[in-house]
Amino acid sequence: MKLDFYGAAGCVTGSSHLLKVKDKRILLDCGMYQGKDEKEKDNNTFNFIPKDIDYLILSHAHIDHSGRIPLLYKQGFKGRIIATEATKDLCEVMLEDSGHIQEMETEWVNRKRMRKGQASLEPLYTAKMAKLSMYLFEGYPYDKWIELFDGFKFRFRDAGHLLGSAIIEMLIDEDGKETKLVYSGDLGNKDMPILRDPTIVENADYVIIESTYGNKLHGVFKNDLKQLVNIIDETFKRGGNVIIPSFAVGRTQEVLYALNSYVENKELKNVKVYVDSPLAIEATEIFDYHSNDFDEDTQVLIEKGDDPFEFEGLIFSKSTEESLEVNKIKKGAVIISASGMCEAGRIKHHLKHNLWRNESSVVFVGYQAEGTLGRAIVDGAEKVKIFGEEIAVNAKIYNLEGLSGHADRNGLVSWLEGFKEKPKAILLVHGEKESQESFNKLLRDKGYNSFIMKHGETFKPGQEKEESLVKNKIINLLDSIKDLDSIEVDLLLEKIKEELNS
Ligand SMILES: [Zn+2]
Ligand SMILES: [Zn+2]
């Protein structure tokens with residue numbers, strides 16, 4: 001077997017890892033580059049020939065893992081796409097939505113290009129192309145072994161990150177030698193609303209693991225949700241609105257789940273909550289349909305007759321007209337809208353109407369990638385550009401980091417500690433440079449043989465020995481020089497060690 005890292009390698013977005021077993025090519029995820037990565041990498045070209053891919057195993061529906069599937073299809077891929085049932089259903093609405101966004105953005109760019117006398121561009125893919133690619137999808141349940149061909153079988157384990165999200169546990173048999181490869185996908189936080197905790201996998205030879213928060217510790221999910229109640233109270237007293245830019249799929253439903261409980265137990269009274277995102281509305285229906293994938297608490301709630309996505313004062317605004325009405329509201333509204341990183345969609349209108357007002361609040365509830373409008377606001381920009389207009393940032397800005405859908409540093413380590421024996425190598429993907437370097441150092445200090453995978457890099461079993469052997473030799477050598485006992489030498493050596501570990 002051989003692994004080529006072609007996405008989310010040295011960055012967060014664009015997840016795509018190509019696994020070669022015998023004469024078969026299996027793609028693990030086919031994500032889109034977003035934010036800063038989108039500017040540095042090219043979403044339009046693959047580092048392989050799409051029609052040569054036999055299978056695509058999809059970890060979950062987020063666009064940074066699934067977003068280039070319609071393009072893969074457009075460029076000739078006709079193999080099988082295998083995902084969990086819920087991932088398949090979510091992809092149906094998310095990819096089509098993504099196609100619409102591509103079309104709209106290209107139209108906007110083309111209008112500008114036309115005025116300059118330049119030739120018009122094609123969208124990455126259309127909504128129609130997204131719809132067509134859905135014919136290749138096959139949905140499977142969690143935990144069931146699926147044999148794709150002689151010598152390769154795998155199963156989905158619940159990753160607790162998004163409805164339908166999965167860890168991919170693979171068994172590869174080549175010439176009678178069995179290798180177990182585990183791909184974490186995106187790993188969830190413990191005790192998240194609605195979702196189960198990430199499944200502990202007990203053994204693996206090689207592990208590909210995400211490292212989004214390899215250098216961070218989150219607050220506690222529940223405490224952050226509690227803080228949201230206070231923010232809503234204070235903002236309403238000031239006479240403003242609470243704007244929540246939220247991923248339409250996943251985070252929106254988790255926030256609704258929490259607000260539902262606060263409304264039901266009367267901690268929140270007379271609150272109007274608007275969900276202003278057609279995608280979020282469709283996704284909420286899919287969540288309802290897949291309630292058997294919810295955690296026990298949520299299932300008990302439903303059995304008692306409480307629909308977590310329905311409460312007094314909750315309004316779904318589907319049409320453009322309804323959305324425009326929400327824009328006119330000056331105070332007393334909680335507005336949940338997408339996209340989560342404020343790059344597209346109706347959220348931009350709500351920010352335009354509220355960001356400049358002292359009375360309003362903007363509450364971030366998810367990861368903000370470098371280079372996005374959301375990240376700029378979180379990082380304290382005083383002014384931002386929305387629809388070409390400069391808008392002052394006067395509203396109170398909150399970043400509830402505990403609400404992340406990703407495991408933090410401790411969560412990642414505790415998941416790795418679930419392996420009864422340390423895997424032969426840990427391959428780090430899906431993280432920004434600082435986070436990965438810090439996490440890699442921590443893992444090496446804990447005795448793991450970990451590596452940060454770079455874009456275009458290849459990994460073969462056994463390779464870890466050569467690399468670690470050389471590294472360990474140098475590290476031992478450095479330790480012996482340390483006896484020289486001078487502070488400067490110590491500092492210098494530490495620096496070299498750090499370099500080597502990164
Ligand atoms: Zn994800
Ligand atoms: Zn991701």
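**Entry 1: a histidine at a metal site**

I began with His161, which is buried at a relative accessible area of 4%. I call a residue buried under 20% relative accessible area, exposed over 50% and partly exposed in between, with a 1.4 Å probe and protein chains only. I note here that the model is predicted, that local features need pLDDT of at least 70 and side-chain atom pairs pLDDT 80 or more, and that totals for chains, interfaces and linings use all residues. Residues are numbered from 1 along each chain as its sequence is written, chains are lettered from A and ligands numbered from 1 in the order in which they are written, and side-chain values use heavy atoms, with hydrogens and water left out.

**Entry 2: zinc ion (ligand 1)**

Which residues coordinate the zinc ion (ligand 1)? I found His60 (NE2), His62 (ND1), His161 (NE2) and Asp186 (OD), at 2.1 to 2.4 Å. Donors are N, O and S atoms within 2.8 Å of the metal (3.2 Å for Na, K and Ca); water is not among the atoms, so sites may look incomplete.

The spacing of these donor residues in sequence is H-x1-H-x98-H-x24-D. The pair His62 and His161 links distant parts of the chain, 99 residues apart. I located His62 in the loop between β4 (55-57) and α2 (63-66), and His161 in the loop between β8 (152-158) and β9 (166-174). Helices (H or I, at least four residues) and strands (E, at least two) are DSSP runs, numbered from the N terminus. His62 is also buried, with a relative accessible area of 17%.

I then looked at the angles among the four donor atoms of the zinc ion (ligand 1), which run from 90 to 170°, and the site is irregular. Four donors count as tetrahedral if all angles lie between 85 and 135 degrees; four count as square planar and six as octahedral if opposite donors are over 155 degrees apart and all others between 65 and 115; anything else is irregular. For reference, the ideal angle for four tetrahedral donors is 109.5 degrees.

**Entry 3: zinc ion (ligand 2)**

Asp186 bridges the zinc ion (ligand 1) and the zinc ion (ligand 2), and the two ions lie 3.4 Å apart. The zinc ion (ligand 2) is coordinated at 2.2 Å by Asp64 (OD), His65 (NE2), Asp186 (OD) and His430 (NE2). Its donor residues follow the spacing D-H-x120-D-x243-H. The site of the zinc ion (ligand 2) is irregular, with donor angles of 86 to 163°.

Are Asp64 and His65 buried or exposed? Asp64 is buried at 9% relative accessibility, and His65 is buried at 0%.

**Entry 4: the whole chain**

I counted 16 helices and 22 strands in the protein chain. The radius of gyration is 24 Å, close to the 23 Å of the globule rule for 502 residues, so the chain is as compact as a globular protein of that length. This radius is taken over C-alpha atoms, and the globule rule is 2.2 Å times the number of residues to the power 0.38. The C-alpha trace spans about 65 × 60 × 60 Å along its principal axes.

Of the 502 residues, 56% are buried. Among contacts in the chain with a separation of 6 or more, 74% join residues 24 or more positions apart. Contact means heavy atoms within 4.5 Å.

**Entry 5: domains**

The domain assignment gives domain 1 (2-216 + 405-466) and domain 2 (221-403); such bounds come from an automatic or database assignment. How many residues does each domain bring to the contact? Domain 1 brings 31 residues and domain 2 brings 32 residues. The domain centres, taken over C-alpha atoms, are separated by 27 Å.

**Entry 6: backbone and a loop residue**

Most residues other than glycine have a negative phi, and most peptide bonds are trans. I looked up the exceptions below.

- Ile194 has phi near 70°; it sits in the loop between β10 (177-183) and β11 (206-210) and is buried at 1%.
- Asp143 has phi near 70°; it sits in the loop between β6 (137-140) and β7 (146-149) and is partly exposed at 42%.
- The peptide bond from Ala338 to Ser339 is cis, with omega near 10°; Ser339 lies in the loop between β15 (333-337) and α11 (347-354).

Last, I checked Asn292, in the loop between α8 (278-289) and α9 (296-303). Asn292 is exposed at 52% relative accessibility. Not counting residues up to four places away in sequence, Asn292 touches Arg196 and Gln299.
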